[in-house]
Each structure stands twice: as C-alpha cells, then as structure tokens.
Amino acid sequence: MRAKITYVVTAAVLVFYFVLVGSRGVLLIEHGTLLTVTFGVAVLILPAIGIWFLWKNTQFVRRANALAAELDAEGGLPVDELIRTPSGRIDRDSADAVFARRREETEDAPDDWRSWFRLAVAYQDARDTPRARKAMQRAIALHGRRTPASPAASGT
C-alpha cells in the first residue's frame, strides 16, 4: 500500500510540474517572437514526453499488478524462499539459485506467462531491474494474446 501511495503522490507532483512547465511554454509562444515561439515549442515537448512516459509506466504497473492478482488467485505466486542478511537484504547466492530455477522453468515453458512473471520476480530479487522489466513485459504480452480456455478444456 505504501508503494501505491508513493507512486500516486509522485505522479501527482509530476503532473503539477508538467502543467506548470506547459503553461510557461504557452506563455513563451504567446509572446510571439521567433525566439520565444521556438523556446515555447521546445518547452512544450518536455511535458509531452513526460506525460507519455508516466502513462506508459502506469499502464505497465497496472498490468503487472493484474497478473500478480491473477497468479495469486491461482495460488501460483512465487514463494519467498530467499535467504536474507540481518539487515534484510537478499543474499546474492540465494537469489542466483532461485533465478537459475526460474530460468529453467521459463525455458521449459517459453509461452507460459506465469513462468515469465516468476522469472521477472527472480530478476528483481537478483537486482537486475532492466531484465526484470523485460521479462514482465513478456509476461504481459503473453497474457494478452492467450486464448480463452475452451468449454471442453474446462470440463463444462
């Protein structure tokens, strides 16, 4: 819950900043000289990029949370079996061992979004955030293109 509050507050501050910067860009454009119009357009590009980035990141987080909720409902969330230091940090060797298992699971079932989700968690535990994000993006993509279970497969 704390992470959600932090995210919402950060997003709100960013939106406020984008509005503030955008209004300055509009004021520069309204001034009407070649130099101020050029600067005004340049200033408006920054909030546009920021809003796009914030939107894409928010979509990613919402989709990843939806996958986590679905996996939790199935009882398939990875169990925290990592060894931690007295300060609470994850032991690197422990994270590497869990990662190796998750990687093997993903290699055995490359089209299963669940294995990619668990691999993403293992990457995050191993402090490899870029690969964790890519693995989660793969899980989201696989989940999005899965076909619904047929009535024959579900027993109805």
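These legends walk through several close-ups of a predicted model.

View 1. For the protein chain, the mean pLDDT comes to 88, and 93% of the residues reach 70 or more. Helix 2, which covers residues 34–74, has the highest confidence, with a mean of 94. At the other end of the scale sits helix 6 (residues 151–154), where confidence is lowest, at a mean of 40. The pLDDT is below 50 over residues 149–156, and beyond near neighbours in sequence that stretch has one contact in the model.

**View 2. Helix 3 beside helix 4.** Here are residues 92–108 (helix 3) and residues 113–125 (helix 4), packed at an angle of about 160° with 9 Å between their axes. Angles over 145 degrees count as roughly antiparallel, and helix 3 and helix 4 are therefore roughly antiparallel to each other. Their crossing is left-handed. On the helix 3 side, look for Ala 95, Phe 99, Arg 102, Arg 103, Glu 105 and Thr 106. They meet Ser 115, Trp 116, Arg 118, Leu 119, Ala 122, Tyr 123 and Asp 125 of helix 4. Sorted by class, the contact of helix 3 with helix 4 has six nonpolar residues, two polar ones and five charged ones.

**View 3. Helix 2 across helix 4.** Now helix 4 turns up again, this time with helix 2: the two pack at an angle of about 110°, and their axes are 11 Å apart. Helix 2 and helix 4 are therefore roughly perpendicular to each other, and this crossing is left-handed. Helix 2 brings Ala 64, Leu 67, Ala 68, Glu 70, Leu 71 and Glu 74 to the contact, while helix 4 brings Trp 113, Arg 114, Phe 117 and Arg 118. The class count for helix 2 with helix 4 is six nonpolar, no polar and four charged residues.

**View 4. A salt bridge between Arg 114 and Glu 74.** Zoom in on one pair from the previous view. Arg 114 and Glu 74 form a salt bridge, and their closest N and O atoms are 2.7 Å apart. Arg 114 belongs to helix 4 and Glu 74 to helix 2, so this pair ties together parts that lie 40 residues apart in sequence. The structure holds ten salt bridges.

**View 5. Helix 2 across helix 5.** Last up is helix 2 with helix 5 (residues 129–145), packed at an angle of about 70° with the axes 10 Å apart. Helix 2 and helix 5 are therefore roughly perpendicular to each other, and helix 2 passes helix 5 in a left-handed crossing. From helix 2 come Asn 57, Phe 60, Arg 63, Ala 64, Leu 67 and Glu 70. Facing them in helix 5 are Arg 133, Met 136, Gln 137, Ala 139, Ile 140 and His 143. The residues where helix 2 contacts helix 5 split into six nonpolar, three polar and three charged.

Note on methods. Residues numbered from 1 in each chain as written. Predicted model: local features only at pLDDT ≥ 70, side-chain atom pairs only at ≥ 80, totals over all residues. Heavy atoms only, no water. Axes fitted to C-alpha atoms, helices over the stretch in contact; angles between N-to-C directions. Helix = DSSP H or I, 4+ residues; strand = E, 2+ residues; numbered from the N terminus. Parallel < 35°, antiparallel > 145°, perpendicular 65-115°, else oblique. Left-handed = near helix turned anticlockwise from the far one by under 90°. Contact = heavy atoms within 4.5 Å. Nonpolar A, V, L, I, M, F, W, Y, C, P; charged D, E, K, R; others polar. pLDDT = per-residue confidence, 0-100. Salt bridge = Lys/Arg side-chain N within 4 Å of Asp/Glu carboxyl O.
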